[in-house]
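I opened my notebook to get to know a new structure, one look-up at a time. Here is what I was looking at.

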Amino acid sequence: MTRINQGGEFDIEVGGEPYVWRLQRRPQWSSDPKERRGMGIAVRHAEGQREAVLEFPPGPQPRFGLKQLQPSQIPTDLVAKAIASALAAGWEPHSRGKAVTIVVDATGG
């Protein structure tokens with residue numbers, strides 16, 4: 001279940017734990033493939049401080065004139081799988097420190 005908070009944050013539950021996520025960066029395309037960047041989702045535990053930034057691959061460039069990606073268009077199951085992958089990769093949401101960046105694939109794995 002996902003619910004939006006004020007400030008563009010969404011509540012989500014993964015493994016029985018409450019998390020909060022937001023779209024930190026929309027996909028960025030360029031004619032140079034090295035400069036393309038996928039979307040970035042910032043996530044933290046609802047009771048924790050440490051954020052993880054989940055970076056997705058850029059994917060195909062959208063057609064000209066297509067509207068920008070909106071956070072409400074991101075599938076909840078994709079975010080949940082990406083959070084589970086971050087936890088499996090060693091992210092400790094209750095610890096303190098700088099945000100950690102975790103690269104996931106297009107399916108969130």
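**Entry 1: a residue in a strand.** I started with I12, which sits in strand β2. This is a predicted model, so I keep that in mind throughout. Is I12 buried or exposed? I found a relative accessible area of 3% for I12, and because buried means under 20%, I12 counts as buried. I then looked up its distance to H45: the two C-alpha atoms are 9.6 Å apart in space, while 33 residues separate I12 and H45 in sequence.

**Entry 2: the helix.** Next I turned to α1, which runs over residues 76–88 and has 13 residues. From first C-alpha to last, α1 reaches 18 Å, close to the 18 Å expected at 1.5 Å a residue. Which residues of α1 are buried? I listed L78, V79, A82, I83, S85 and A86. Looking down the axis of α1, I saw these buried residues fall within an arc of 160°, so they line one face of the helix. A reminder to myself: an α-helix has 3.6 residues a turn, so residues three or four places apart point the same way. On the face of α1 turned away from the buried side I noted the exposed residues D77 and A88. After α1 comes G90, with a positive phi near 110°.

**Entry 3: what the helix packs against.** I asked where the buried residues of α1 pack. Their partners are β2 (10–14), β3 (17–25), β4 (40–45), β5 (52–55) and β6 (100–103).

**Entry 4: the core.** The largest nonpolar core has 21 residues, and L54 and I83 touch the most other members. I checked the suppliers: β2, β3, β4, β5 and α1 each bring at least two residues to this core, and α1 gives the most, with 5 residues. Leaving out residues up to four places away in sequence, L54 touches M39, G40, I41, V43, A82, I83, A86 and I102.

**Entry 5: aromatic rings.** How many aromatic pairs are there? I counted 2. In one of them, the ring centres of F10 and W21 are 4.6 Å apart and the planes lie at 15°, so this pair is stacked. F10 belongs to strand β2 and W21 to strand β3, 11 residues apart, and both are buried. For Y19 and W91, the ring centres are 6.1 Å apart with planes at 40°, so I wrote this pair down as tilted. Y19 is in strand β3 and W91 in the loop between α1 and β6, 72 residues apart. Y19 is buried at 4% relative accessibility, and W91 is buried too, with a relative accessible area of 5%.

Technical notes: Residues are numbered from 1 along each chain as its sequence is written. This is a predicted model: local features need pLDDT of at least 70, side-chain atom pairs count only at pLDDT 80 or more; totals for chains, interfaces and linings use all residues. Side-chain values use heavy atoms; hydrogens and water are left out. Helices (H or I, at least four residues) and strands (E, at least two) are DSSP runs, numbered from the N terminus. The expected span of a helix is 1.5 Å times one less than its number of residues. Buried means under 20% relative accessible area, exposed over 50%, partly exposed in between (1.4 Å probe, protein chains only). The arc is that of the directions from the helix axis to the C-beta atoms. Contact means heavy atoms within 4.5 Å. A nonpolar core is a set of buried Ala, Val, Leu, Ile, Met, Phe, Trp, Tyr and Cys residues joined through side-chain atoms within 4.5 Å. Rings of Phe, Tyr and Trp (its six-membered ring) pair if their centres lie within 6.5 Å; planes under 30 degrees apart count as stacked, over 60 as edge-to-face and the rest as tilted.
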